[in-house]
Amino acid sequence: MTETELTELFARLGAPDPAQWAHSQIREGIPQLARYLFLREAWKWVVDAKDVNWIRDVAAVKDNAPGGTIGPALERLLALGASAEDLTTVAGVMQWGLLSALCYLLDDPGDVEPEVRDIAWQLFQIDERGQPIAPMNGLHESVLETELIGPATRIQK
């Protein structure tokens, strides 16, 4: 695939700055298409900053279900005057933080006990047979570049 074709594909997939993603894949050999697709799909699990309906959906979860205590907690917060928009901001920013942390964890297992320091993991692009063909390193560096439906409010440095 040429850089122009790849740029067009990135654009069709909704990538911000598709030419930059394509250029990096072609010139630097980084599997940017796989990285972008992974992050695009991961962002779909983050609360949409413009949609407060998640509160109703989550509140409907039975109290004895895994995570079921969130419904009553949300109802109490709303009864105390918290706005659905503020709860959405809190949830979205927390989810964004978790997504960033998980992407970072893929590259660095952290400060683990000495007896397990030789254990590590990594995310790979795979071929049609399920065989690894390219490591997808540094995903945490692209989390904010791929924010498609995530929280409108971010922690600013």
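**Close-up views of a predicted model**

View 1. Aspartate 17 sits in the loop that runs between helix H1 (3-12) and H2. Its phi is positive, about 50 degrees, although aspartate 17 is not a glycine. Most residues other than glycine have a negative phi.

**View 2. Helix H2 against helix H3.** Two packed helices are described by the angle between their axes and the distance between the axes. Here the axes of H2 (residues 18-28) and H3 (residues 32-43) come within 8 Å, and they cross at roughly 135 degrees. On the H2 side, the residues in contact are Trp21, Ser24 and Gln25; on the H3 side they are Gln32, Leu33, Arg35 and Tyr36. Sorted by class, the contact has three nonpolar, three polar and one charged residues.

**View 3. An aromatic pair between helices H1 and H3.** Three aromatic pairs turn up in a search of the whole structure. In the pair of phenylalanine 10 and tyrosine 36, the ring centres are 6.0 Å apart and the planes stand at 70 degrees, so the pair is edge-to-face. The pair links distant parts of the chain, with phenylalanine 10 in helix H1 and tyrosine 36 in helix H3, 26 residues apart. Both phenylalanine 10 and tyrosine 36 are buried. Together with Trp21, Phe10 and Tyr36 form one aromatic cluster.

**View 4. The largest nonpolar core.** This core has ten residues in all: Leu39, Ala42, Trp43, Val46, Val93, Trp96, Leu99, Cys103, Leu139 and Val143. The elements that give two or more residues to the core are H3 and helix H6 (84-107). H6 gives the most, with four residues. A second, separate core has eight residues, among them Phe10, Ala15, Trp21 and Ala22.

**View 5. The surroundings of leucine 139.** Leucine 139 belongs to the largest nonpolar core. Leaving aside residues up to four places away in sequence, leucine 139 touches Arg35, Phe38, Leu39, Cys103, Leu106, Asp107 and Leu123.

**View 6. Threonine 69 in a loop.** Threonine 69 is found between helix H4 (53-59) and helix H5 (70-79), in the loop. With a relative accessible area of 57%, threonine 69 is exposed, because values over 50% count as exposed. Threonine 69 and tryptophan 43 are 26 residues apart along the chain, and their C-alpha atoms are separated by 24 Å.

Key. Residues are numbered from 1 along each chain as its sequence is written. This is a predicted model: local features need pLDDT of at least 70, side-chain atom pairs count only at pLDDT 80 or more; totals for chains, interfaces and linings use all residues. Side-chain values use heavy atoms; hydrogens and water are left out. Axes are lines fitted to C-alpha atoms, for helices over the stretch in contact, and angles run from 0 to 180 degrees between N-to-C directions. Contact means heavy atoms within 4.5 Å. Ala, Val, Leu, Ile, Met, Phe, Trp, Tyr, Cys and Pro count as nonpolar, Asp, Glu, Lys and Arg as charged, and the others, Gly among them, as polar. A nonpolar core is a set of buried Ala, Val, Leu, Ile, Met, Phe, Trp, Tyr and Cys residues joined through side-chain atoms within 4.5 Å. Buried means under 20% relative accessible area, exposed over 50%, partly exposed in between (1.4 Å probe, protein chains only). Rings of Phe, Tyr and Trp (its six-membered ring) pair if their centres lie within 6.5 Å; planes under 30 degrees apart count as stacked, over 60 as edge-to-face and the rest as tilted.
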